[in-house]
Number of protein chains: 2
Amino acid sequence: MGKVSIAVLASGRGSNFKSILSEIHAGRCNAIVNVLITNNPDAPAIEIATQNNVPVEILEPKNFSSREDFDDKIKETLDKYDVELVVLAGYMLILKGKKLLDSYQIINIHPALLPSFPGVDAQTQAFDHGAKISGVTVHFVDAGLDSGPIIYQEAIDISNCKTAEETAEKILKIEHLAYAKVIDLFSKGKYVLEGRRVKFLKNE
Amino acid sequence: MGKVSIAVLASGRGSNFKSILSEIHAGRCNAIVNVLITNNPDAPAIEIATQNNVPVEILEPKNFSSREDFDDKIKETLDKYDVELVVLAGYMLILKGKKLLDSYQIINIHPALLPSFPGVDAQTQAFDHGAKISGVTVHFVDAGLDSGPIIYQEAIDISNCKTAEETAEKILKIEHLAYAKVIDLFSKGKYVLEGRRVKFLKNE
């Protein structure tokens with residue numbers, strides 16, 4: 001099967017970006033990163049891209065008249081780099097451009113078992129709520145907040161975690177491998193949506 | 001350690017009641033069922049109680065002027081049977097009596113990983129939402145809907161379930177053992193509440 005061409009959108013340290021590259025290099029994720037797009041000229045993710053010969057595009061919202069215009073520019077950039085799948089990796093802006101959302105399959109990873117604990121600080125939410133199990137969710141991105149159809153989930157026991165920080169660290173460990181695993185799925189076959197149920201069809 | 005004296009409240013078939021008794025008999029749940037209380041004179045749970053020499057009290061809301069009065073009567077019944085822990089097992093009425101809620105530690109099992117999918121038909125909710133992971137939650141009962149502090153959770157992969165019914169069956173299997181396991185915890189030690197985090201202190 002052919003590699004899936006992805007764009008990574010990141011705003012920060014790029015720890016998920018790094019782990020995706022590492023899984024690609026290890027042969028466990030059949031993808032190629034065509035471009036890193038970031039809204040933050042100081043994002044450490046940029047250095048990771050440079051070290052891995054991944055082209056970088058820095059697009060700052062302040063240079064655009066609206067967030068819709070900004071997202072249109074992202075869409076044009078994705079067109080230019082011939083991207084099949086858009087991977088949000090610590091991208092801190094909510095996507096508002098209809099053209100962008102309609103044109104690309106966009107995925108995100110959320111550090112909780114959605115629909116539990118959407119939004120920011122999901123790990124702290126889970127800890128404070130006294131959840132004994134949490135995990136990660138990879139989902140399609142729609143116009144809502146962490147509300148798109150669920151592609152993959154993985155659970156983890158957080159009952160012995162003593163702080164929200166420890167909870168976050170424990171979840172981060174599964175987050176890294178889970179994301180690469182899902183990207184790899186996109187290289188293996190098509191998927192169908194039944195209602196909001198996502199089902200991958202293998203060997204197609 | 002001494003056995004924990006429980007009351008089971010059930011409205012229906014009593015499948016959880018049955019599995020609790022079975023785990024008690026197998027020596028894996030250090031409890032004794034002092035009484036079955038049911039609001040339904042036709043509940044199959046009654047026969048299970050009779051077969052196992054568990055006293056039965058049938059209390060029907062229609063014989064009481066209010067749900068508070070009805071719950072007061074449940075509280076008196078619990079007092080009479082010297083109960084330490086109240087176990088809801090398919091009990092279909094929401095507890096409304098403040099005296100009852102304040103006097104007893106009451107637990108419930110919910111067929112989802114709360115706070116995801118509270119309320120009725122949790123398994124169908126999970127299936128329709130396209131969740132890949134669901135599970136069971138044992139929690140303390142408060143005046144809200146499935147909102148009390150979480151005691152125990154167990155996750156299960158439902159990604160291959162083809163129907164809501166199959167999802168429910170898969171969850172039911174872990175439900176039975178999970179509930180008995182949690183009841184057994186109450187015989188082994190005290191617990192503390194830190195915010196809404198439940199922590200059992202062993203060997204006390």
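Is B:Asp82 buried or exposed? Select B:Asp82 and check: the residue is exposed, with a relative accessible area of 60%. Keep in mind throughout that this is a predicted model.

**Stop 1: B:Asp82**

Stay on B:Asp82 and look at the backbone. Phi is positive, about 55°, although the residue is not a glycine. Most residues other than glycine have a negative phi. Zoom out to see the setting. B:Asp82 sits in the loop that runs between helix H3 (67-80) and strand S4 (85-88) of chain B.

**Stop 2: A:Asp121**

Switch to chain A and pick A:Asp121. Here is another residue other than glycine with a positive phi, near 55°. A:Asp121 belongs to the loop between S5 and H5 of chain A. Its relative accessibility is 52%, over the 50% cut-off, so A:Asp121 counts as exposed.

**Stop 3: the cis prolines**

A:Pro115 lies in the loop between S5 and H5 of chain A. Most peptide bonds are trans.

Now select B:Leu114 and B:Pro115. Their peptide bond is cis too, with omega near 10°. B:Pro115 is placed in the loop between strand S5 (105-110) and helix H5 (122-129) of chain B.

**Stop 4: H5 against H6 in chain A**

Show helix H5 (residues 122-129) and helix H6 (residues 164-188) of chain A. Their axes come within 8 Å and cross at roughly 125°. The crossing is right-handed.

Which residues of H5(A) meet H6(A)? Select A:Gln123, A:Thr124 and A:Phe127.

**Stop 5: helix H1 in chain A**

Move to helix H1 (residues 15-25) of chain A. Which of its residues are buried? Select A:Asn16, A:Phe17, A:Ser19, A:Ile20, A:Leu21, A:Glu23 and A:Ile24. An α-helix has 3.6 residues a turn, so residues three or four places apart point the same way. Now show what the buried residues of H1(A) pack against: S1, S2, helix H2 (45-51), strand S4 (85-88), strand S5 (105-110) and H6 of chain A. Step just past the end of H1(A) to A:Gly27, where phi is positive, about 80°.

**Stop 6: A:Ala7 in strand S1**

Select A:Ala7, in strand S1 (residues 4-10) of chain A. Its relative accessibility is 0%, which means that A:Ala7 counts as buried. What does A:Ala7 touch, beyond residues up to four places away in sequence? Display A:Val35, A:Leu78, A:Val83, A:Leu85, A:Val86 and A:Val87. For scale, draw a C-alpha to C-alpha distance from A:Ala7 to A:Thr124: the two are 29 Å apart in space and 117 residues apart in sequence.

**Stop 7: A:Asn34 in strand S2**

Finish on A:Asn34, in strand S2 (residues 31-38) of chain A. A relative accessible area of 17% makes A:Asn34 buried. Then, setting aside neighbours within four places in sequence, show the contacts of A:Asn34: A:Ser5, A:Ile6, A:Pro55, A:Tyr81, A:Asp82 and A:Val83.

Notes:
Residues numbered from 1 in each chain as written. Chains lettered and ligands numbered in written order. Predicted model: local features only at pLDDT ≥ 70, side-chain atom pairs only at ≥ 80, totals over all residues. Heavy atoms only, no water. Helix = DSSP H or I, 4+ residues; strand = E, 2+ residues; numbered from the N terminus. Buried < 20%, exposed > 50% of the residue type's maximum accessible area, 1.4 Å probe, protein only. Contact = heavy atoms within 4.5 Å. Axes fitted to C-alpha atoms, helices over the stretch in contact; angles between N-to-C directions. Left-handed = near helix turned anticlockwise from the far one by under 90°.
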